[in-house]
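Please look at the structure shown below and keep it in view while reading this report. The text goes from strands to salt bridges and then to pockets.

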Amino acid sequence: MSQPWWRSAVFYQVYVRSFADSNDDGVGDLPGITSRLGYLKELGVDALWLTPFYPSPQKDHGYDVADYFGVEPAYGTLADFDGLVARAHELRLKVLVDVVPNHTSDQHEWFKAALSSPDSPFRDRYHFADSKPDGSPPNNWTSSFGGPAWSREPGGDGWYLHLFAPEQPDLNWWNPEVPTEFERILKFWLDRGADGFRIDVASALFKRQDLADRPVIHDPVYGAPRLDSAFAIVDQPQLHDVYRGWRRLANGYEPDRVLVGEIFEPRRHAKYILPDQLHMAFALIHQPWDAALWRRSIEANRGALQGPGTEPTWTLANHDVVRPVTRLAGGAVGRARARAALLLLLGLPGQVFLYQGEELGLEEVNLPDSARQDPIFFRSEGRQAGRDGCRVPMPWHRGRPHAGFSTADPWLPVPVGWDSLAVDAQAGNGESMLSHFRRALAARKRLGAGLSDRLEWSRSAEGVLAYTRGRLAVACNFRSRPAKLEANGVLGLASDPLVSLRSGVLSLPPNSAAWLMRRR
Ligand code: NOJ
C-alpha cells in the first residue's frame, strides 16, 4: 500500500515576514514566497508551513490575529494566497497554514465587542474575572512572555486572561461558539487549497475551569517556594474531542490534509498523536552536543508514540529557538555539528521540519537592543533577548543591499557578513551548507519508501552514535577527536570531506557524520 504523502515528508517552515520581499518594503510577503518556490523545490522539500499571515497588529508578529479569514495587507491579499497555493501545487509542494486557536488579537472584533459593554455576549468567549478579595489578579498564573497572565480590563474593574502578551487575550474554549468558529476557519482555508495546519499552542486551548491558583510547592533541592509546574492548567480532556472533530473535517478532503500540533513533550505526544486526532507534533532535539543525550532524546520521542507506522517529526529549529549552528557552539564547530546533525536526523524514520535559513547555516544574530521587536524582550525589561535573533531576513544575493532581501531597510537588520552566506554565494559551491542540504535531501528521497521504519542501534565507541535502518547505516561522531568504526557498504553521504571508508573502516573526523549503503 502506498504511504500517505506526509509520512516521511520534509517540511520547510517559512517565517513569512523574513523570507522574501517582493515589493521592497523591508517586510517579506506572499508574492515573495511564490517567487521562491522554485528554490524550495530545488532544495528538495515536500511541503511548506507558513507562519501566520492574517491581518494582525503584529504585537507578536502575526500570532495576534485580528481576522482569521484574511491576509495582512503588508503580506498581500487572499488572491496572493491562492496564487501561492496554485504554484506550490503545480510544483507538487504542499502548503500548511498556521492556525492560532488559543488566543486572538485584542483588535479582533470579538474582543472589541466584549469590551464594549458589561452585558456583551462576547465576553464569555474570553476569560474575564474579578480580582481576589485583596485586589490582586484572579489567580497566580503567569504569562509565557513574563509577568502575570492577567491584565486589567480597559475601562472596567475586572481582568482578562492572556497566557502570552496582553494584546493576545485567551479564548474561552468552554463556550461552544469558539469551537464552532474554528471549524469554520479551518474549512475556509481547506477549501482554498491548504493542505493542513500547524496548530499554535496546541495543548492549551481549554483552561482548567475552576481557574484555581497553581499550588506553591517547595523546591525539593533548594527548599525555596515556587509554583508547581506539574499542576495542570491546560491539557483538559475536552480538547481531544475538538481534535477528533478537526480530524473528521480533515478526513473529508482528498488527498490527506494534516494536523501538526505545536506540542514538544513526548509524554504529551502520546495523548495527541493518535489515528483520530493529530497526525504529528514536534520532536525538537535541543540537547547539548552529546551522543548519550541525543540518543536518549531520540528514544524518548520514538517510545512515546503508539501504533504501527507512527514515527516522530524531527526538528532542530523554529522561529522561537536559538539557531542550531549557534546552539551547537557557533562558528566552524557549530556548522560542522549542524551538518552532521542533519544526516543523523534525516536518516531516522519519521518526518522532518526544517526552518528557513537552516540550509544556509545561518547563526543567531545578536541584535542591538534598539532593533529588537520581540514582546519577550520588552516584557522582561530586556533581561531576556527574545527571539528576534533567529528571525532575521534571508540573505538571497551577495553584493546587494541587505544581502538581497530588500532595497529598503528590513524590519530586522541583516548582518553585513551574511553576504557570504547568501543563497547565490552558496549555490555554486559544492562544499557549502546549502549544497550539503540539497545532497542530503535528494539522497533521502532516493531511498524513499524503500526503507523500513525499524531502527537498530549499532555498537559504537563512546561519543559516537550509529544505527541501521535496513540497508542504510548512519554514524555520527560527537567527539572532538576522530573516530573509527568497522562498517560495510559504500559511502553514500558525508557531512565533511575528510570522512573516508577504506578496507571496511569508516573514519569520522570530529563532529562529522556519514551515511553508508550496505550491500543487500
Ligand atoms: C508559539 C509560537 O510559535 C510563538 O511564536 C508565539 O509567540 C506563541 N505561540 C504565541 O502565539
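A residue is called buried when its relative accessible area is under 20%, exposed when that area is over 50%, and partly exposed in between, as found with a 1.4 Å probe on protein chains only. Helices (H or I, at least four residues) and strands (E, at least two) are DSSP runs, and they are numbered from the N terminus. The model is predicted, so that local features need pLDDT of at least 70 and side-chain atom pairs count only at pLDDT 80 or more, while totals for chains, interfaces and linings use all residues. Residues are numbered from 1 along each chain as its sequence is written, and side-chain values use heavy atoms, with hydrogens and water left out.

**Strands**

Strand β1, made of residues 10-14, is mostly covered, since five of its five residues are buried. On one side of β1 are V10, Y12 and V14, and on the other are F11 and Q13, and both of these faces are covered. In a regular strand the side chains alternate between the two faces of the sheet.

Two strands are said to pair if DSSP finds at least two bridges between them. Strand β1 is joined by four bridges to β13 (residues 351-355), and these two run parallel; within this pairing, V10 has V352 of β13 as its bridge partner. Four bridges also join β1 to β2, again in parallel, and here Y12 has L48 of β2 as its bridge partner. Strand β2 (residues 47-50) is in turn joined to β3 by four bridges, with the two strands running parallel, and A47 stands opposite K94 of β3.

Strand β3 (residues 94-99) is mostly covered as well, with six of its six residues buried. From β3, K94, L96 and D98 point one way, whereas V95, V97 and V99 point the other way, and all of them are buried.

Elsewhere, five strands form an open sheet with antiparallel pairing, in the order β14-β15-β16-β21-β18. Strands β14 (456-457) and β18 (490-494) stand at the edges and have a single partner strand each, so one side of each is left without a neighbour in the sheet.

**Salt bridges**

A salt bridge is counted when a side-chain nitrogen of Lys or Arg lies within 4 Å of a carboxyl oxygen of Asp or Glu, and the structure holds 30 of these salt bridges. In one of them, the side chains of K132 and D213 meet, with 2.7 Å from N to O. K132 lies in the loop between β4 (128-129) and β5, and D213 in the loop between β7 (196-199) and β8 (216-218), so this pair ties together parts that are 81 residues apart in sequence. K132 is partly exposed at 27% relative accessibility, and D213 is partly exposed with a relative accessible area of 32%.

A salt bridge also links D219 and R226, whose closest N and O atoms are 3.1 Å apart; here D219 is buried, with a relative accessible area of 17%, while R226 is partly exposed at 34%.

**Pockets**

On a 1 Å grid over the protein atoms alone, a pocket is an open set of points with protein on both sides within 12 Å along at least five of seven lines, and its lining residues have an atom within 4 Å of a point. Grid points are joined across faces, edges and corners, and a volume is the space filled by probe spheres set on the points.

| Pocket | Volume |
|---|---|
| Largest pocket | about 970 Å³ |
| Second largest pocket | about 700 Å³ |

The second largest pocket is lined by 30 residues, and W5, R7, S8, A9 and D46 are the closest to its centre. Helix α14 (residues 433-447) gives the largest share of this second lining, four residues.

The largest pocket is lined by 37 residues, of which S144, F164, V201, E265 and R268 lie nearest its centre. The largest share of the lining of the largest pocket comes from helix α8 (residues 266-272), with three residues.

Note on methods
On a 1 Å grid over the protein atoms alone, a cavity is a set of points where a 1.4 Å probe fits but cannot get out, and a pocket is an open set with protein on both sides within 12 Å along at least five of seven lines; lining residues have an atom within 4 Å of a point.
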